[in-house]
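My notes follow in the order I looked things up.

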Amino acid sequence: MATTQINKNELFSLLVNQLSTSAWSQLGKTPNPFTGKPEKNLEAATITIDILETLLFKTAGNLNRIEDQLLSDKVRELKLSLMEETQR
């Protein structure tokens, strides 16, 4: 069991970053960590982006400015990339 304490703000940022990293990989923008090759799975990317967007709406008014900006930026960037990928 880990003895290092991580505060709740850091955990939230870690969660957002982990989900967005997964979405980038699912969009084929970064290599799959297991194969080392980009692999597209737009259905999975859509679900991951939807999860991030749900977090954005469900946490509205409860995040500090930095957390809100981080989550908003990730959702916006990922949705734009998904739209570009689906139009190809």
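**Helix 2 against helix 3**

I began with the handedness: helix 2 and helix 3 cross in a left-handed sense. I note that the model is predicted. Next I took the geometry of this pair. Helix 2 covers residues 42–58 and helix 3 covers residues 65–86; their axes lie 10 Å apart, at an angle of about 155°. Angles over 145 degrees count as roughly antiparallel, so helix 2 and helix 3 are roughly antiparallel to each other.

I then listed who touches whom. From helix 2, I found Leu-42, Thr-46, Ile-49, Leu-52, Glu-53, Leu-55 and Leu-56 in the contact. Helix 3 answers with Asp-68, Leu-71, Ser-72, Val-75, Leu-78, Lys-79, Leu-82, Glu-85 and Thr-86. By type, I get nine nonpolar, three polar and four charged residues in the contact of helix 2 with helix 3.

**Helix 1 against helix 2**

I moved on to the other pair. Helix 1 and helix 2 have axes 8 Å apart and pack at an angle of about 155°. They are therefore roughly antiparallel to each other. This crossing, helix 1 past helix 2, is left-handed. On the helix 1 side I noted Leu-15, Val-16, Leu-19, Ser-20, Ser-22, Ala-23 and Gln-26. On the helix 2 side I noted Leu-42, Ala-44, Ala-45, Thr-48, Ile-49, Ile-51, Leu-52 and Leu-55. How many of the residues in the contact of helix 1 with helix 2 are charged? I found no charged residues there, against eleven nonpolar and four polar.

**Helix 1 by itself**

I checked the length of helix 1, residues 8–26. Its 19 residues should span 27 Å at 1.5 Å a residue, and the end C-alpha atoms are 27 Å apart, so the two agree. Which residues of helix 1 are buried? I have Phe-12, Val-16, Leu-19, Ser-20, Ala-23, Ser-25 and Gln-26. These buried residues pack against strand 1 (27–31), strand 2 (38–40), helix 2 and helix 3.

**The whole chain**

I finished with the overview. I count three helices and two strands. Along the sequence the pattern reads α-β-β-α-α. The C-alpha atoms fill a box of roughly 40 × 35 × 15 Å along the principal axes. Of the 88 residues in the chain, 27% are buried. Among contacts with a separation of 6 or more, 56% join residues 24 or more positions apart.

Technical notes:
Residues numbered from 1 in each chain as written. Predicted model: local features only at pLDDT ≥ 70, side-chain atom pairs only at ≥ 80, totals over all residues. Heavy atoms only, no water. Axes fitted to C-alpha atoms, helices over the stretch in contact; angles between N-to-C directions. Helix = DSSP H or I, 4+ residues; strand = E, 2+ residues; numbered from the N terminus. Parallel < 35°, antiparallel > 145°, perpendicular 65-115°, else oblique. Left-handed = near helix turned anticlockwise from the far one by under 90°. Contact = heavy atoms within 4.5 Å. Nonpolar A, V, L, I, M, F, W, Y, C, P; charged D, E, K, R; others polar. Expected span 1.5 Å × (residues − 1). Buried < 20%, exposed > 50% of the residue type's maximum accessible area, 1.4 Å probe, protein only.
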